[in-house]
Structure formats: C-alpha cells, structure tokens
Amino acid sequence: MGTITNDNEFIVLDINSDSNNFKCLASVSSALSAARSDVEVLDETINSIKGLKPDCDKIDYALAASSGALCGIIDIFLVGKPGDTFLGNITDNWFERRTCDFAKICGWKGNEQNPVSSAISYLERYFKVPYDQRGCGDAGQFIFELNPTNHHFKSLAHNPSLLGLFFSILDQFTNSSHFISNGELIELVDADGSFKLRGNTLMGKLWCGFVNWFGHLMSDVCGSSGSSGRGMGIPSPLWTWMNSIIAIKSKLGIPVGEFDKNFNELALTLYKEGYDFRFQTTQLIPVLVNELIVRLCYSIRRAIGYYRETPDEQRSFKAMWNRCAPFKNPTVKRMLTVAHGTFCLVDIGDATIRGFVTGAGSFNPVEFFLRLNIVGLGRFTISLYGETKREINYHKAKNKAIFAERQKAVLDFYISGLQQLEILYDDKEYLTLVDDLRNNDYLTAFTKSTSLAKLRGVPEEKILTTKSDIDNYFNN
C-alpha cells in the first residue's frame, strides 16, 4: 500500500506484489491510463454544450436583421398580392413552360399558336379522372354552386396534399367525386360513366391512380384549357388544410363548427382572388433569398477570419470549411431566426396597414391574408421551434457539464497523485538488489538499497550510506 500526503490530503493506491515480483509501476500506469480516458469522456461532455449555444456578435445580428428587412421590402414591392406583380408574372410563366415540358414528355406534339392551352387540353385527356366536374351544366352546379372559379378548391382530389392523393385514388376506385361546400362533405356517386381505372392488379391500379392524380394536377396548375387570362390553378397546399379538417371531421362524425366554416370560406375567397399554388411559390422566393443571404454572410465572415488568423502553411480547405460551413450550428440558426423574424415583422406590418387602408375605416381580412407571406411565417415558426428545442437541450447539457467539471477536478487531483506515485515506484532497477545479494555482489546491492531508501522517502539520518554504518547497525 502506497500513500502520498499533500497539505492534509492523501491518495491511496493498492499495490499488488507476490514473493518474486513487484507490480507497483504497472498498477500506477494502468490507473493513470484509465483516469486519462475518463477525463477525455468528461471533456467531450463539457464541450458538448458549445454546440448548443450560439456565438453571434453584433455584426451577425445586424447582418441578419438587414437581410430580413431587405427581403421584406422585396416581398412588399415585387410579390405583393396575386395579380400583376413582377415576381408573380415570372412564376406564372415558369409554370406554363413546365406544363408544356411535361406535356411533351407525355407525347404532346406542340402547338405554336396557343401552346399552353393546347398542352393543358392534351393533359386533361391523357390523365382523365372522374372528379373533374366544373359546374358547367352538371350536377354540381345545381347542388352546391360549383363553377369554374371554385371547382379546383372545392374538389378534395384537386388538393396538392396527402389527403388530396387519398381522395383522388378513392374517387378513381369508386368512380365518385368528393367536394367541400359550405362546411359539408359532399359525394357524387357514379360521377363519370365512361371512366375506368387502368391496371390489372391492385398495385397496378394504385400506381395508375397516383399517376392520374399527379398528371391531372399538372394539367390544372396553370388553369383549365378554356381559361381566359391567368386561369384558376390548383389551390395553395397551405390553405387547403381547412378542407382537410372539414373532411376528417365529417368522416369521424365530429360536428363542423362555425369557425371551420368561416375560415374555409375565407380560404375559398383568397383562392378566387388568385391565391393558388403558383402564388404560394412566388411567396417562397423572398424567403429563400433571405435564407441564402444569411448563410452567405455567415460563411464569408468566418472565411475571412480563418484566413486572417491562420498562417499560410497551416491552411487547408477542410479546416476552413469546418469553420465557415453555414449548416448545423447554433450560430447560423440564430441568425436565421433573427432574419426570418425581421422579415415577418415587415411583412405583417405591411399587410396590416393595407388591411386597414382598403377596409375604409374597418379591417379587411381578405386584403390582409392576400398580403401575408404565409411561407415566411411558417419558416419563422420552424426557427422558433428550433430555438426552443436548443434552449431546453442547452439547460440539460449545462447541468451535465457542471457535474462533469466537478468530476474532472477530482480526477485531475487523482491523476496528479498517480503521477507522483509513478515517480515514487519507478524502482524496477533498484529491486534487482535481491538478485545481487544472491550472487554475492554486496557492494552493488548496498548501493541500490541506499537509492531505494531515498526514493521511498526514508529520513536521511536512518539511511545507511557507508560500510561503517552497516557494520554499526548489525553489531548493535
């Protein structure tokens, strides 16, 4: 058993030995190795908290807020509301080109005079579905006021969502149509006497049903073939959720409240004003620009700092990328939260002002929601959720890090004691004195025993340093 005393504190280390061998040094080395491994684990726990706390300075916050304000201005003047807007026209033209491209893939030969209308007409015939009643002399017109300006919104199968896909396949299997009107789920049975779903097996029919759903959405994304002007495209996926709520409640037998009906009516009014899938895509543009600017600013600042602080001979692309990569770190996520929050403040402020201005003394909710960039609001909500989650994880990790720091302090003291023991019991060379005595090499054995006594901390007055000391000791 070895003991080291240090300012009234001590460390005890068990030392194994047998009649012929000493294992002091090996035991100390093993204990040191294990303790150092524990310290590495504790260091990882302590450093893990750094990956949860943002390291933004004033410039980062200023750049993020400026980006959000700039993109908010872009949204106000270049996006605005559905109709004649600069970015809206670009988006509409892009969708028209994509519709023609998709029609060509499906076999359309093209039409130089009116290519968009011709492509849409071809796709409507190619991807025939039973739920395409338009309210022009059919049952829907007389039963629930279906007409060309609302049939894409009221038809559940025209919704670009999972529920829309479900009802599309259901309608194709059962040759029916499902609509939402005035807060009610309406079903038309035997909707199309000439429709037949292709496919010889269940999986084949499911696949054909999916293809028909997607292809028919592509035929309607720019409006119908007979549309004049912009046309009524497919509804916005972020507003058709009101249809989904009413449909689910109706299927489960849950009463549909007045709030559901009123909000559904508001969503339908927005759709009639041109708030469709194309305009939702237009709203996405300033949100993406905001995202790109913030990530770019973050990377440029960190790259400049890396080249300023790192000598030429130590630079590497991997190290630079690890420092300035604008992904998966709390700093850039905090900057994005600030940027999207600023964007929403500018956007909501503009929408609110215009809602009051057009309301002639009262608030106009339709104008407000037409101007509200719901994509940016959704992106800001995601950022807030991430911030909340990181803050919770930070506090959990902080408590673990504090406990790990205390453990590390104890281990550091323990390692310090072990290092002293390692020096104290580094005695393999001296312990060979037993063999020297067996070989009658008394002078060498005596020298080693003296050195071993000094190593063990025997007081100087009790160490036998000369032959006369040994003689006197044994004579007494």
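The secondary structure of this chain comes to 18 helices and 4 strands. Keep in mind that this is a predicted model. The chain has 476 residues, and 43% of them count as buried. Now look at contacts between residues at least 6 apart in sequence. Of these, 68% join residues at least 24 apart.

Let's start with helix 3. Helix 3 has 20 residues. From first C-alpha to last, helix 3 reaches 29 Å, close to the 28 Å expected at 1.5 Å a residue. Which residues of helix 3 are buried? They are Leu87, Gly88, Thr91, Asp92, Phe95, Thr99, Cys100, Phe102 and Ala103. An α-helix has 3.6 residues a turn, so residues three or four places apart point the same way. And what covers those buried residues? The cover includes helix 2, helix 4, helix 8 and helix 11.

Is alanine 103 buried or exposed? Its relative accessible area is 0%, so alanine 103 is buried, the cut-off being under 20%. Leave out residues up to four places away in sequence, and alanine 103 touches Trp108, Ala119, Tyr122 and Leu123. Alanine 103 and tyrosine 126 are 23 residues apart in sequence, and their C-alpha atoms are 9.3 Å apart in space.

Next, helix 8, which is part of the cover over helix 3. Helix 8 runs over residues 202–220, 19 residues in total. Its end-to-end C-alpha reach is 27 Å, close to the expected 27 Å. The buried residues of helix 8 are Cys208, Gly209, Asn212, Trp213, Gly215, His216, Leu217, Met218, Ser219 and Asp220. What do they pack against? Helix 3, helix 4, helix 6 and helix 7.

Now a pair of helices. Two packed helices are described by the angle between their axes and the distance between the axes. Take helix 11, residues 277–309, and helix 12. Their axes come within 8 Å and cross at roughly 135°. That angle makes helix 11 oblique to helix 12. The crossing is right-handed. Which residues meet there? Helix 11 brings Tyr298, Ser299, Arg302, Ala303, Gly305, Tyr306, Tyr307 and Glu309. Helix 12 brings Ala319, Met320, Arg323 and Cys324. By class, this contact has 7 nonpolar, 2 polar and 3 charged residues.

Last stop, the loops. Most residues other than glycine have a negative phi. Two residues here are worth a look against that background. Asparagine 182 is not a glycine, yet its phi is positive, about 55°. Where is asparagine 182 found? In the loop between strand 3, residues 176–181, and strand 4, residues 184–189. Its relative accessibility is 56%, so asparagine 182 counts as exposed, the cut-off being over 50%.

Then there is lysine 328. Its phi is also positive, near 55°, and lysine 328 is not a glycine either. Lysine 328 lies in the loop between helix 12, residues 317–324, and helix 13, residues 330–357. Buried or exposed? Lysine 328 counts as exposed, because its relative accessibility is 80%.

Let me recap. Helix 11 and helix 12 cross at roughly 135°. Asparagine 182 has a positive phi, and lysine 328 has one too.

Definitions and conventions
Residues are numbered from 1 along each chain as its sequence is written. This is a predicted model: local features need pLDDT of at least 70, side-chain atom pairs count only at pLDDT 80 or more; totals for chains, interfaces and linings use all residues. Side-chain values use heavy atoms; hydrogens and water are left out. Helices (H or I, at least four residues) and strands (E, at least two) are DSSP runs, numbered from the N terminus. Buried means under 20% relative accessible area, exposed over 50%, partly exposed in between (1.4 Å probe, protein chains only). Axes are lines fitted to C-alpha atoms, for helices over the stretch in contact, and angles run from 0 to 180 degrees between N-to-C directions. Angles under 35 degrees count as roughly parallel, over 145 as roughly antiparallel, 65 to 115 as roughly perpendicular and the rest as oblique. A crossing is left-handed if the near helix is turned anticlockwise from the far one by less than a right angle, and right-handed if clockwise. Contact means heavy atoms within 4.5 Å. Ala, Val, Leu, Ile, Met, Phe, Trp, Tyr, Cys and Pro count as nonpolar, Asp, Glu, Lys and Arg as charged, and the others, Gly among them, as polar. The expected span of a helix is 1.5 Å times one less than its number of residues.
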